[in-house]
Amino acid sequence: MKIVILSSFPKFDKLQHKVIFLTEVLKKNYISDLILIYSHKSLFDHYKELKKRLHQIKLKARTNNVNLLEVANRESLENLAKKHGLMIYKFDRFSDRKCIELLKDYNCDLAINFSGEYIPKTILDIPKHGVISAHYGKLPEIRGGDSIRWTIYLNFPMYVSHFFLTNVIDMGDIALLSKVTVKKGDSILTIRKKCQQKALEGHLKILDKIYFGQLELVKQYPEMGSTYYRMGKYLAKKVDEILRNNLYAYYEE
Amino acid sequence: MRIMKNNSILLEKSLELLSNMFNDNDFCFSFSTRIIDGRYVNDFDNPLKLRYTINSYLGIMKYNKIFSKNYFTNAFEKFLDINLRTVKNIGDKGLLLYTLSIIDNKYSQKLAKELSEIKTEFLIKLNLQEICWVFLGMTKYYEYSKDNGSITSIDKLFKLIMNNFFNKDTLFPIHSKQSKIRKNFVSFGGIVYFLKSLYEYAQVFNNNYALIIFKELTERIINLQGKDGSWGWFYNNKQATVVDWFQIYSVHQDAMAHLFLFPAKNLGITGVDQSIIKSLNWLFGDNILKQQMIQTEPFFIIRSIKREPFIEERAERILRAYMNSVLKKNDEIIPKKSYVLNEECRSYHIGWIIYVWSDQNNYKDFHNLNKIHN
């Protein structure tokens with residue numbers, strides 16, 4: 001089985017769940033080859049992204065006692081891939097002609113989207129089984145952005161939904177639903193970490209299911225859910241207060 | 001035109017007033033009306049009368065539909081024959097489409113097609129009222145016609161509004177990104193049309209996100225209502241504050257606020273009933289001038305209470321808005337300041353009254369032109 005990992009901003013790519021995923025997936029003996037494709041390779045893209053996330057980074061460091069130096073020194077996905085002798089390709093955008101040509105020539109079975117970026121339709125049609133992604137919210141009910149916050153706001157149980165991407169946001173066939181345990185005292189950041197863990201576990205399960213021909217998909221229809229958009233400060237603050245005051249309805253011990 | 005007796009004195013008198021604001025020559029309603037020596041005196045010259053006329057017909061057509069009447073139906077047909085081509089403003093076309101849709105008029109399909117073909121680069125240049133009226137018109141058109149071909153353009157309008165005319169951080173709408181002066185400020189009217197269009201879209205298309213934004217913003221606006229029930233006129237959309245209370249308009253108090261308050265009441269939002277009552281009672285003397293804004297013989301509603309300006313009114317308003325924004329505070333209604341009445345009435349106001357109250361059976365006191373006592 002040949003797979004592609006899609007990610008973005010190579011210089012910032014230090015999220016531990018991606019590194020763990022790569023380590024685990026390489027242990028699977030049915031994986032014959034794996035390549036890593038990055039979008040947003042340029043320094044200017046990295047600068048814009050850093051500017052956008054600076055406030056979030058400072059907040060994370062302050063509220064979670066995170067040592068930014070320690071984070072900066074973590075192993076990146078790119079470095080780990082290099083250590084394992086994997087081919088790494090970098091482009092400005094996934095829609096770049098050379099990226100599309102590479103994917104067509106590579107002829108992979110599955111692409112796993114870890115990028116958080118929009119994947120163009122030209123890419124979605126290339127892998128044999130498609131492009132799979134993990135959505136931090138229960139599909140089909142909660143589609144769109146800021147799905148962890150919307151889950152808390154709407155008082156829904158927290159799930160990670162693995163689904164195949166289509167050209168309509170969060171509307172593809174659902175491959176796996178994984179419940180996320182939320183405990184009293186959890187914040188958005190700790191819930192996101194739990195979702196990341198479920199995401200990597202789910203991707204590994206799905207690879208097994210595809211290989212052993214056990215994958216079952218559930219189709220989505222528009223009327224089964226609603227699409228939500230990024231929350232601004234006012235609603236995000238409301239959600240933070242719900243969690244701070246332990247008012248979420250789906251806590252588990 | 002003879003208006004039949006109705007259980008609602010408000011509606012009966014409003015229709016009579018509109019018939020006194022009507023021009024038989026061009027089938028339009030007045031831009032402005034005053035009472036001089038006990039008689040209605042109309043200004044039919046201002047070109048804005050076209051927009052006001054559409055608004056007035058909207059109210060009347062809804063009334064006719066609910067009560068199975070035919071007031072002004074021939075007049076409306078003649079208005080369309082003469083004036084349809086002269087309606088150039090895209091927002092006005094949106095409101096017209098809304099009106100045509102509710103009466104299943106033959107022009108609605110053609111107008112919907114025209115509006116759906118407007119390119120995004122032109123839609124983005126509209127102001128908040130205009131884009132919301134287009135959105136309202138298209139949504140109402142779909143609701144009545146079930147023309148699936150219109151869905152794509154309606155969804156496109158929704159996304160365009162939420163991406164360009166909406167401040168995600170405060171939930172307030174944005175008047176226009178194009179205007180450097182106005183981009184941080186939004187009027188009460190703009191907020192009303194934004195809320196109404198969100199609500200109608202949410203209901204027709206079962207869009208929970210739109211409904212949530214409607215509920216949350218409605219709560220924020222209710223919390224900014226004055227202690228005397230007044231609605232501020234000018235808001236800072238980044239700070240979510242009232243930067244200028246005046247002019248306090250009767251049309252906001254008795255009609256436009258209820259475009260979002262009545263749906264909010266149906267959704268069970270807390271505090272709405274009191275908000276409605278306070279808003280209405282403002283017209284019966286619960287205001288800074290203790291002025292009765294509704295007079296019954298002849299029937300007339302005074303347009304607004306405004307500040308006596310020191311300099312040109314618009315310039316003073318902009319200065320006040322900027323000053324309150326810099327100081328990050330709400331404007332205040334200070335009793336000792338000099339306020340005056342704006343003693344005119346505009347036909348669109350009466351149109352909105354008829355539209356809002358035609359299918360509202362509660363608040364019988366107001367229907368009888370009385371203050372509401374809890």
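Lys238(B) is exposed, because its relative accessible area of 55% is over the 50% cut-off. This lysine is located in chain B, in the loop that runs between strand 6 (234–236) and strand 7 (241–244). The model under discussion is predicted, and the points below are grouped by topic.

**Confidence of the prediction**

- The complex receives an ipTM of 0.90 and a pTM of 0.93 from the predictor.
- Chain B has a mean pLDDT of 94, and 98% of its residues reach 70 or more.

**Patches on the surface**

- Lys238(B) belongs to a patch of positive charge on the surface, together with Lys233(A), Lys180(B) and Lys183(B).
- A nonpolar surface patch of about 240 Å² is formed by Phe12(A), Leu50(A) and Leu54(A).
- Phe12(A) is classed as partly exposed, because its relative accessibility of 37% falls between the 20% and 50% limits.

**A buried helix**

- How many of the residues of helix 15 (residues 347–357) of chain B are buried? The count is 11 of the 11, so this helix is largely enclosed by the rest of the structure.
- Among the buried residues of helix 15 of chain B are Tyr348(B), Trp352(B), Tyr355(B) and Trp357(B).
- The buried residues of this helix also include Ser347(B), His349(B) and Gly351(B), as well as Ile350(B), Ile353(B), Ile354(B) and Val356(B).

**Salt bridges**

- Side chains of opposite charge can pair when their charged atoms come close.
- Over all chains, the count comes to 33 salt bridges.
- One of the salt bridges joins the side chains of Arg93(A) and Asp45(A), with an N to O distance of 2.9 Å.
- This pair links distant parts of the chain, the two residues being 48 residues apart: Arg93(A) is in the loop between strand 3 (87–90) and helix 5 (97–106) of chain A, and Asp45(A) is in helix 2 (residues 43–63) of chain A.
- Arg93(A) is partly exposed at 31% relative accessibility, whereas Asp45(A) is buried, with a relative accessible area of 7%.
- Lys82(A) and Glu78(A) also meet in a salt bridge through their side chains, at 3.5 Å from N to O.
- Lys82(A) and Glu78(A) are four residues apart in helix 4 (residues 77–83) of chain A, so about one helical turn separates them.
- Glu78(A) is buried, because its relative accessible area of 9% is under the 20% cut-off.

**A salt bridge between chains, and a network**

- Glu216(B) forms a salt bridge with Lys238(A), and their closest N and O atoms are 2.8 Å apart.
- This pair crosses between chains: Glu216(B) belongs to helix 10 (residues 208–223) of chain B, and Lys238(A) to helix 9 (residues 233–244) of chain A.
- Is Glu216(B) buried or exposed? Glu216(B) counts as buried, at 4% relative accessibility.
- Lys238(A) is partly exposed, with a relative accessible area of 27%.
- In chain B, a network of salt bridges links Asp244(B), Arg307(B), Glu316(B), Arg320(B) and Asp331(B).

**Backbone features**

- Leu139(A) and Pro140(A) are joined by a cis peptide bond, with omega of about 10°.
- Pro140(A) is placed in the loop between strand 5 (131–135) and strand 6 (142–144) of chain A.
- A cis peptide bond also joins Glu297(B) and Pro298(B), where omega is about -15°.
- Pro298(B) occurs in the loop between strand 9 (294–296) and strand 10 (299–301) of chain B.
- Although it is not a glycine, Asn246(A) has a positive phi of about 55°.
- Asn246(A) lies in the segment after helix 9 of chain A and is partly exposed, with a relative accessible area of 33%.
- Leu369(B), likewise not a glycine, has a positive phi of about 60°.
- Leu369(B) lies in the segment after helix 16 (364–367) of chain B and is buried, with a relative accessible area of 9%.

Terms used. Residues are numbered from 1 along each chain as its sequence is written. Chains are lettered from A and ligands numbered from 1 in the order in which they are written. This is a predicted model: local features need pLDDT of at least 70, side-chain atom pairs count only at pLDDT 80 or more; totals for chains, interfaces and linings use all residues. Side-chain values use heavy atoms; hydrogens and water are left out. Patches are made of residues with over 30% relative accessible area and no salt bridge: like charges are joined within 9 Å, nonpolar side chains (Val, Leu, Ile, Met, Phe, Trp, Tyr) within 5 Å. Accessible areas come from the Shrake-Rupley method with a 1.4 Å probe; for residues, only the protein chains shown count as cover. A salt bridge is a side-chain nitrogen of Lys or Arg within 4 Å of a carboxyl oxygen of Asp or Glu. Lys and Arg count as positive and Asp and Glu as negative; His and the chain ends are not counted. The place of a charge is taken as NZ of Lys, CZ of Arg, CG of Asp or CD of Glu. Buried means under 20% relative accessible area, exposed over 50%, partly exposed in between (1.4 Å probe, protein chains only). pLDDT is the predictor's confidence in each residue, from 0 to 100.
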